[in-house]
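Let us walk through this protein together, one stop at a time.

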Amino acid sequence: MKKLLLLLFFAILTIGCSMISKDEESKVTNSKKAIEANSKPEVRQMILTSSDETAQSDQHRLYILNNTSFTPHIEVDNDFPWQNTYRLFFFIDYKQVNVTKSGKVQPYIEVDLQARKKIKFDDISINNLKEGRHDFLLFLVRNPNKPLKKDEFIPTEALHLSRRSTLIVKKDIPPQLHFSKLENKIPNSNDSKSIPFISYQPTESLREALGVIDKSKSNEVWLNFPTPVINKNYALIALLNDRQIKLETPFITSNTNGTTSVPLPVQGFKHNDNLIIGVIERPFEKGEDNKGSLLEPWTPTYTNKITIK
């Protein structure tokens with residue numbers, strides 16, 4: 001009898017320990033799941049799409065138009081967990097152009113988008129296009145009115161997005177342009193970087209990239225960008241806040257297989273102005289042929305966020 005009671009006691013004790021262990025295990029498992037859920041990276045991105053029925057393929061790199069107006073379908077997606085302001089610019093042949101939206105002519109489109117929201121535009125048109133071949137560039141800037149408070153490097157991917165395509169208006173007539181060959185300001189090098197950047201002196205070192213330009217240090221800065229192939233053509237565009245500014249040499253042919261440096265005067269810029277410069281390789285060369293087959297890619301690149309002090 002005493003043995004039976006003893007066995008019964010150990011049986012109850014074993015069941016109790018087992019139940020406590022499972023309960024504690026459940027708590028640990030749930031805590032672990034909560035930690036894993038909180039540690040998952042949150043999507044933070046902006047998306048820009050452009051399409052039109054005149055596109056020659058689903059890549060939408062080439063549009064063939066029978067008239068002098070172009071009304072693409074444009075979508076801006078704010079896939080961030082917070083609200084953002086976006087400014088959308090339009091360039092034809094690397095010149096900022098006005099667009100017509102709902103009957104109103106304006107130099108750009110600006111929208112505020114709440115977290116995880118998107119907007120579609122089907123009423124924006126570019127009019128009075130001349131016959132021939134044109135480069136069309138859509139350029140999107142996130143929070144364009146916010147200046148940098150300190151000299152820091154914020155990469156272009158966090159702020160800028162663009163879509164480049166070719167418009168053929170009635171006839172495929174390439175424009176005739178003059179491309180400048182600049183004297184190389186730094187020794188030739190194979191150490192070409194992947195993005196353009198601004199510095200106080202010509203350099204190929206991305207460590208010298210400026211986020212804030214202090215005009216008290218210099219009235220002139222330098223745009224440095226990679227030119228890994230000799231005799232390749234480039235187009236340059238520059239935006240100060242909401243307008244394009246004129247560059248002395250907007251079209252350049254590389255004469256070095258390293259880094260090309262271009263001077264930029266800044267004495268006319270004001271405190272808290274935001275500057276953006278884009279470098280577009282192979283301007284006016286088509287990204288796909290008339291049958292929709294892709295040709296050599298030509299992705300535009302842009303500087304990091306830059307503010308004038």
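Start with His60, which is found in the loop between strand E1 (45–51) and strand E2 (62–65). Strands (E, at least two residues) and helices (H or I, at least four) are DSSP runs, numbered from the N terminus. Although His60 is not a glycine, it has a positive phi of about 55°. Most residues other than glycine have a negative phi. His60 is also buried, with a relative accessible area of 17%; buried means under 20% relative accessible area, exposed over 50%, and partly exposed in between, with a 1.4 Å probe and protein chains only.

Before going further, please note that this is a predicted model, where local features need pLDDT of at least 70, side-chain atom pairs count only at pLDDT 80 or more, and totals for chains, interfaces and linings use all residues. Residues are numbered from 1 along each chain as its sequence is written, and side-chain values use heavy atoms, with hydrogens and water left out.

Asn231 is another stop with a positive phi, about 65°, although it is not a glycine. Look for Asn231 in the loop between strand E16 (220–226) and strand E17 (233–240).

Now find an open sheet of three strands, in the order E7-E6-E10, with antiparallel pairing. Its edge strands, E7 (104–106) and E10 (124–125), each pair on one side only. Two strands pair if DSSP finds at least two bridges between them; E6 (residues 99–101) and E7 have three, in the antiparallel sense. Thr100 stands opposite Val105 in E7.

Finally, look inside. How many cavities of 30 Å³ or more does a search of the whole structure find? There are two. On a 1 Å grid over the protein atoms alone, a cavity is a set of points where a 1.4 Å probe fits but cannot get out, and lining residues have an atom within 4 Å of a point. Grid points are joined across faces, edges and corners, and a volume is the space filled by probe spheres set on the points.

The largest cavity has a volume of about 90 Å³. Among the residues that line it are Val141, His160, Asn241 and Lys305. Strand E21 (274–281) gives the largest share of this lining, three residues.

The second largest cavity holds about 40 Å³ of space. Its lining includes Leu223, Thr249 and Ile277, and the largest share, three residues, comes from strand E20 (residues 259–265).

Methods: 1 Å grid on protein atoms, 1.4 Å probe; cavity = no way out; pocket = protein on both sides within 12 Å on 5 of 7 lines; lining within 4 Å.
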